[in-house]
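I'm going to jot down what I look up as I go, starting with one loop.

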Amino acid sequence: MLNVRVVKIGGNVLDRPEWVAQCARGLSRIGPAVIVHGGGQAVNAWSRRLGLPVEQRDGLRVTTPEIAELVEMVLGGPMNRLLVTALRAAGLDAIGLSGVDGGLLSAQPLEDGTAWVRSGKS
């Protein structure tokens with residue numbers, strides 16, 4: 001039986017390369033794992049850089065179509081590559097996938113349009 005762990009790495013620590021490298025080395029000792037990562041700070045930085053609003057309501061990001069596109073680009077692009085690079089440098093055979101790959105995730109906006117409800121592939 002294959003024991004696969006799911007590890008969530010929050011986006012607030014991903015801007016610290018030494019922490020990411022140390023985390024990757026630690027993950028190399030736990031066996032097969034799926035890493036799920038955030039990147040909200042990077043999304044905020046890119047939003048500001050592109051002149052898009054950074055807005056939250058009740059602790060949730062207000063996700064306009066433009067922000068949703070930016071989130072997909074940042075999390076599936078630079079944040080994904082950052083983690084895959086660190087994991088491979090730690091000797092792991094890592095690949096990066098996004099929620100759209102293979103239909104892993106789907107999302108629908110909440111009725112008030114402030115956030116997205118995600119669900120896994122059924």
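**Entry 1: a loop residue.** I started at Asp-58, which sits in the loop between β3 (56-57) and β4 (60-61). This is a predicted model, so I keep that in mind for everything below. The phi of Asp-58 is near 55 degrees, a positive value, and the residue is not a glycine. Is Asp-58 buried or exposed? I get 84% relative accessibility, so Asp-58 goes down as exposed.

**Entry 2: the whole chain.** Stepping back, I looked up the overall layout. I find three helices and six strands in the protein chain. Along the sequence they come in the pattern β-α-β-α-β-β-α-β-β. The C-alpha atoms fill a box of roughly 45 × 35 × 25 Å along the principal axes. The chain has 122 residues, and 27% of them count as buried. For the accessible surface I have about 8,400 Å², with 55% of that belonging to carbon and sulfur atoms. I also checked contacts with a separation of 6 or more: residues 24 or more positions apart account for 55% of them.

**Entry 3: helix α1.** Which residues of α1 (residues 17-27) are buried? My list reads Val-20, Cys-23, Ala-24 and Leu-27. They span an arc of only 100 degrees around the axis, so they sit on the same side of α1. What do they pack against? The buried residues of α1 pack against β1, β2 (33-37) and α3 (65-89). On the face turned away from that buried side I find Glu-18 and Gln-22, both exposed.

**Entry 4: helix α2.** Next I went to α2 (residues 40-49), where Ala-42, Val-43, Asn-44 and Ser-47 are buried. Their cover includes β4 and α3. After α2 comes Gly-51, and I note a positive phi there too, near 75 degrees.

**Entry 5: a buried Asn and a buried His.** I clicked on Asn-80, which is in helix α3. Its relative accessible area is 9%, so I log Asn-80 as buried. What does Asn-80 touch, leaving out residues up to four places away in sequence? I get His-37, Leu-75, Gly-96 and Leu-97.

That sent me to His-37, in strand β2. At 18% relative accessibility, His-37 counts as buried, the cut-off being under 20%.

**Entry 6: Thr-85.** Still in helix α3, I looked at Thr-85. This one is exposed, at 52% relative accessibility. Its side chain reaches the backbone oxygen of Arg-81 at 2.8 Å. I also took the C-alpha separation between Thr-85 and Gly-96: 9.6 Å, for residues 11 apart along the chain.

**Entry 7: salt bridges.** Side chains of opposite charge can pair when their charged atoms come close, so I went looking for such pairs. How many salt bridges does the structure hold? I count three.

- Glu-18 pairs with Arg-16, with the closest N and O atoms 3.9 Å apart. The cut-off is 4 Å, so this pair still counts. Glu-18 is exposed at 53%, and Arg-16 is partly exposed at 37%.
- Arg-57 pairs with Glu-55, the closest N and O atoms being 3.1 Å apart. Both are partly exposed, Arg-57 at 39% and Glu-55 at 34%.
- Arg-88 meets Asp-93 at 3.3 Å, N to O. Arg-88 is partly exposed at 47%, while Asp-93 is exposed at 74%.

Glu-18 is a residue I had already noted, on the face of α1 turned away from its buried side.

**Entry 8: a nonpolar patch.** Last, I checked the surface for nonpolar side chains. Which residues form the nonpolar patch? I have Leu-2, Val-4, Val-6, Val-34 and Val-36, with about 450 Å² of accessible area together. Leu-2 lies in the segment before β1 (5-9). With a relative accessible area of 64%, Leu-2 is exposed.

Notes:
Residues numbered from 1 in each chain as written. Predicted model: local features only at pLDDT ≥ 70, side-chain atom pairs only at ≥ 80, totals over all residues. Heavy atoms only, no water. Patch = residues over 30% accessible without salt bridge, like charges linked within 9 Å, V, L, I, M, F, W, Y side chains within 5 Å. Areas by Shrake-Rupley, 256 points an atom, 1.4 Å probe, with all protein chains shown as cover. Helix = DSSP H or I, 4+ residues; strand = E, 2+ residues; numbered from the N terminus. Buried < 20%, exposed > 50% of the residue type's maximum accessible area, 1.4 Å probe, protein only. Arc of directions from axis to C-beta. Contact = heavy atoms within 4.5 Å. Polar contact = N/O pair within 3.5 Å; in protein donor to acceptor, adjacent residues only side chain to side chain.
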